[in-house]
Amino acid sequence: MPGLKFIHCSDLHLGRQRLGGKLPDTDLARAFQYICQYTVTEKADALLIAGDIFDSPQIQPTWLTQATECLLPLKEAGIPVFAIEGNHDRATITGEAHTWVKYLNDIGLINLLTIPFTAQGPVISPWDERSRSGSYIDFKGTRIIGAGYLGAGTIKRARLIAESLRRWQEAGTLPGAVIMLLHAGPDYVVQEGGGFSKENLEFLHETVDYLALGHIHKPMQHGGWAVNPGSPEHVRLEECRYDGQPRGMAVVEIEPTSERPLQRVEVLAVPKRKVYTLRYDCSPHGNRTKRAMDAIQSDIMARLREMGVEPEAAVRLELTGAVNLGRIKLDTEALAAYLEASLPVQAVEVNSGGLQLSLDNRATGELAGKEASRETLELAAIRELVANNPLPGLEDQAAQLAQLFYELKEDVRTGAGVQEIRERLERHPLVERLVAGELAELSAEQVVAAGREGGREESCG
C-alpha cells in the first residue's frame, strides 16, 4: 500500500470579530481557503481539522457560507475531511446540543468524530455512514480517532481512550497506523486544566503514531509525533510573536505497513495579514503637563513609518514606562484612531498593560475636569478601589491588578465574547498566581483533613 499524505490544521476561528471589526473576518476564511486549496493541489489523501472551526457556537450565515465554500472543493475532489469539535465550536463540554460543525457533518462536508463519555468510561464506536456518526474511521490502513475537546478531564479521559487502544492492540484489531485528533495543549500552557502532561503524552504514544493537536495557537511539536501547527491567521494580534516560525498547517506522511508508520511531519506557513509590533516607552513624556499625548503620537507615528508599515497591515502597540495620570491625558482609543487615520493602516491595537500608572499630589477628583479622558478617570477610580480593598496575596500588584480589571471592563463595554474574556484571564500571570495560591491552600486543607481522618481511624482500631 502506498504512503498516505494528510494535511493537519486547527483553530480556524471563522467569525472571530477582531478589534471591533476593524480587521475583517474574511482574513480567517482566506487562511482556511488556502489550506483547502493546498490540500487539493497536493492531492493529499485527507484533511484533518483538530477543532475550533468556528469562533462561537452562535454564528452568522456569512461564516457558515465561508466554511462551506472552503470545504466544497475538497468534496468535489473526493478528499475526505476528518474533524473534531473544539471548545469554541460548542456551548457545553458534553457537546450534546446540535452545532454548526455537526451541520457540516450532516451535509457531508466533513466527517465529525466524537467520543461520548458515560459513568463507565468512553463509548468508542466505529463510523456509521448511515447515521454519519462515530468515534473512529478506518481509512486506507490507518485508524483515525477523534478525541475532541475533553476539558478539565483531558488527562484522565485521554488515558481511558489510550487504554481502549491498547486492548485493541493486544487483540490484534488495530490497523497499521493510528492517528488521534485531540483539542488540547500541554498542561504548562493550558491553565484551565484542559491539558496533558509529558507522562500522559508518552502513554498515548504507545498506541498512537500521530497526535493531531489544536487549542493552543502557537506551533508546537512534541517528540516529532504530537504536533500543533498553530492558528493559520492571527486570532489575536499578540500571536504575531509566533510569526518567526512556520505556522498554520502540517503535512503528515504515513506509511501504514511500516514498522514506524510516521514518516514525515513538516509545519508550513499559511499567508497572514501582516502585523507589526512596536514597544514604546512613554517615560520621557509621562510627567509632562503640556501636549504630552501630541508628542507621543508624533513619535510613535514616525517610528512606525521608519518600520515601513503598509496600509493593509495591522499594528500592535505596546506602551511601557511610567505615566503620571495627574499630568497626562491618556486615551488609547484616540491614539489608535489617530494612527489608523494618519499612517494609514488597517487597524491599531494599543496595549497599555506594561505602563506604570501613578497619580501626583492632586486629588483624584481634580481629574474630573474637562481635560481628563474617560480612560484616565476610570483607571484612577479602579486603582483607588483596588488600593482600598487589596486582594490577599496580591497587595504588591495593585497597579497590575487595576489594569486587568480595567481591561475586563473594556471587554464588556466593547462586547467581547465570553471566550475572549476567558482567554484573557487564562493567560494573565496574576490569575495564574491566584490559582496557584488557591491550590496550595486546598492541598494544605486536604492534608489536615486526611490527618484528622487517619486519627479517627486509629482511635477506632
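The side chains of Asp55 and Arg16 meet in a salt bridge with an N to O distance of 2.8 Å; a salt bridge is a side-chain nitrogen of Lys or Arg within 4 Å of a carboxyl oxygen of Asp or Glu. The pair links distant parts of the chain, 39 residues apart: Asp55 lies in the loop between β2 (46–50) and α2 (61–76), and Arg16 in the loop between β1 (4–9) and α1 (26–41). Helices (H or I, at least four residues) and strands (E, at least two) are DSSP runs, numbered from the N terminus. Both Asp55 and Arg16 are buried, where buried means under 20% relative accessible area, exposed over 50%, and partly exposed in between (1.4 Å probe, protein chains only).

The structure is a predicted model, in which local features need pLDDT of at least 70 and side-chain atom pairs count only at pLDDT 80 or more, while totals for chains, interfaces and linings use all residues. Residues are numbered from 1 along each chain as its sequence is written, and side-chain values use heavy atoms, with hydrogens and water left out.

## Salt bridges

The structure holds 25 salt bridges.

| Pair | N to O distance |
|---|---|
| Asp55 and Arg16 | 2.8 Å |
| Glu340 and Lys22 | 2.9 Å |
| Arg291 and Asp294 | 2.8 Å |

Glu340 and Lys22 meet through their side chains. This pair also links distant parts of the chain, with Glu340 in helix α7 (residues 332–342) and Lys22 in the loop between β1 and α1, 318 residues apart. Glu340 counts as buried because its relative accessibility is 14%, whereas Lys22, at 35%, counts as partly exposed.

In the salt bridge between Arg291 and Asp294, Arg291 is exposed, with a relative accessible area of 63%, and Asp294 counts as partly exposed at 32%. Elsewhere, salt bridges that share partners join Arg236, Glu238, Arg241, Arg279, Arg316, Glu318 and Glu349 into one network.

## The loop between β1 and α1

Arg18 is found in the loop between β1 and α1. With 5% relative accessibility, Arg18 counts as buried. A polar atom of the Arg18 side chain lies 3.0 Å from the backbone oxygen of Pro24. The side chains of Arg18 and Asp27 are joined by a polar contact of 2.8 Å. A polar contact is a pair of N or O atoms within 3.5 Å; within protein, one must be able to donate a hydrogen and the other to accept it, and residues adjacent in sequence count only if both atoms are side-chain atoms.

Leu19 also lies in the loop between β1 and α1. Its phi is near 50°, a positive value in a residue other than glycine. Leu19 is partly exposed, with a relative accessible area of 24%.

## Other backbone features

Most residues other than glycine have a negative phi, and most peptide bonds are trans. Lys140 has a positive phi of about 50° although it is not a glycine. Lys140 lies in the loop between β7 (136–139) and β8 (142–148), and is partly exposed, with a relative accessible area of 42%.

The peptide bond from Leu343 to Pro344 is cis, with omega near -15°. Pro344 is placed in the loop between α7 and β19 (347–358).

## Cysteines

The structure holds 0 disulfides, a disulfide being a pair of cysteine sulfur atoms within 2.5 Å. For Cys70, the closest cysteine sulfur is in Cys36, at 5.2 Å, which is too far for a bond. Cys70 is buried, with a relative accessible area of 5%. Cys282 likewise counts as buried, at 2% relative accessibility.

A search of the whole structure finds 1 cavity of 30 Å³ or more. A cavity is a set of points on a 1 Å grid over the protein atoms alone where a 1.4 Å probe fits but cannot get out, and lining residues have an atom within 4 Å of a point. The largest cavity has a volume of about 50 Å³, a volume being the space filled by probe spheres set on the grid points, which are joined across faces, edges and corners.

The lining of the largest cavity consists of Thr154, Ala158, Arg159, Leu182, Phe196, Asn200, Leu201, Phe203 and Leu204. Both α4 (154–171) and α5 (198–205) supply at least two residues of this lining, and the largest share, 4 residues, comes from α5. By class, the lining has 6 nonpolar, 2 polar and 1 charged residues. Here Ala, Val, Leu, Ile, Met, Phe, Trp, Tyr, Cys and Pro count as nonpolar, Asp, Glu, Lys and Arg as charged, and the others, Gly among them, as polar.

Technical notes: 1 Å grid on protein atoms, 1.4 Å probe; cavity = no way out; pocket = protein on both sides within 12 Å on 5 of 7 lines; lining within 4 Å.
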